[in-house]
Amino acid sequence: MRLDITTVSVTLGTTCILRDACLEVAPGDLVGLVGPNGSGKTTLLRTVYRSLRPDAGAILVGGDDVWTLSARTAAQRTAAVLQSGPTPSGLTVAEVVALGRTPHHGLLDRESAQDRDAIQDALKQTGMHPHADRPYTSLSGGERQCVLLARALAQQSRLLVLDEPTNHLDIRARFELLDLIRATGITTLAVLHDLDLAVRCCDHLVVLHHGRITAAGPRP
């Protein structure tokens, strides 16, 4: 799935957080967003998955402006793994992953064989299949990150947006997780704080500073 970000700007209150951001992500590419804290990386991600509407510019996913799509259709195209969010309580690992199938259901739809296959495949891809029946809240931070990635994979979207997905992981697990993401062939836009990791694993790097994209290109 192709992603096009065209002259996107975001102002919160009186502060310009993002200014005239332009970026093209080819289908299947893993693109890393890097830069200091407060440079606009997470804000840019939020505009892509429709959490934050830009003041100007356009976000095209698969050639369509995300704000012209229904929320359900947008979720079928784009899945997000965020740095922070509500912790699913009272759910097993498999039940959390099953939440990724929500955009594919009508109000009264029951779980289908396709849903079950997608959930099982996502659990196996991320190595979380042995933990399927464990309570989500009993997992370590790194294990929870893998479950949230499995939920996104079960969503079967063709664009992934990831906000520091390697948090709480040791160095080996960081490389393994990004290698897994690359192996899926899903177009991915990821905020990464580890520059060495980004250089090792990403197809392209994009540098943000003070709300502007100051450099972009293939990894060295």
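**View 1. A122, a buried residue of the predicted model.** A122 has a relative accessible area of 1%, under the 20% limit, and is therefore buried. The residue belongs to helix 4. Beyond the residues up to four places away in sequence, A122 touches V97, A150, L153 and A154. Between A122 and C146, which are 24 residues apart in sequence, the C-alpha to C-alpha distance is 9.8 Å.

**View 2. Helix 5 and the elements that cover it.** Helix 5 comprises 14 residues, 141–154. From its first C-alpha to its last the helix reaches 20 Å, close to the 20 Å expected at 1.5 Å a residue. Because 10 of its 14 residues are buried, helix 5 is largely enclosed by the rest of the structure. The buried residues are G142, Q145, C146, V147, L148, L149, A150, A152, L153 and A154. Among these, A150, L153 and A154 are in contact with A122. Q156, which follows helix 5, has a positive phi near 55°.

View 3. A94 is located in helix 3. Apart from neighbours within four places in sequence, the contacts of A94 are I119, L123 and A132. L82 is 12 residues from A94 along the chain, and the C-alpha atoms of A94 and L82 are separated by 19 Å.

**View 4. S39 in the loop between strand 3 and helix 1.** The loop that holds S39 runs between strand 3 (30–34) and helix 1 (41–48). With a relative accessibility of 1%, S39 is counted as buried. Its side chain reaches the backbone oxygen of P36 at 2.8 Å. When residues up to four places away in sequence are set aside, S39 touches I17, L208, H209, H210, G211 and R212.

**View 5. The hairpin of strand 9 and strand 10.** Strand 9 (residues 204–209) pairs with strand 10 (residues 212–218) in the antiparallel sense, over 6 bridges. V207 has A215, in strand 10, as its bridge partner. The hairpin has 2 residues between the strands, and H210 there takes a positive phi near 50°. H210 is also one of the residues that S39 touches.

View 6. The strands are arranged in the order 2-1-4-5, with antiparallel pairing. Strand 2 (15–25) and strand 5 (64–65) form the edges, each pairing on one side only. Strands of a sheet pair through backbone hydrogen bonds, either parallel or antiparallel. Strand 4 (residues 56–61) meets strand 5 in the antiparallel sense over 2 bridges. Here V61 has D64, in strand 5, as its bridge partner.

**View 7. R50 over the ring of W67.** R50 lies over the face of W67, at 4.9 Å from the ring centre. As for pairs between aromatic rings, a search of the whole structure finds 0.

Technical notes:
Residues numbered from 1 in each chain as written. Predicted model: local features only at pLDDT ≥ 70, side-chain atom pairs only at ≥ 80, totals over all residues. Heavy atoms only, no water. Helix = DSSP H or I, 4+ residues; strand = E, 2+ residues; numbered from the N terminus. Expected span 1.5 Å × (residues − 1). Buried < 20%, exposed > 50% of the residue type's maximum accessible area, 1.4 Å probe, protein only. Contact = heavy atoms within 4.5 Å. Polar contact = N/O pair within 3.5 Å; in protein donor to acceptor, adjacent residues only side chain to side chain. Phe/Tyr/Trp six-rings, centres within 6.5 Å; stacked < 30°, edge-to-face > 60°. Lys NZ or Arg CZ within 6 Å of the ring centre and 35° of its normal. Pairing = 2+ DSSP bridges.
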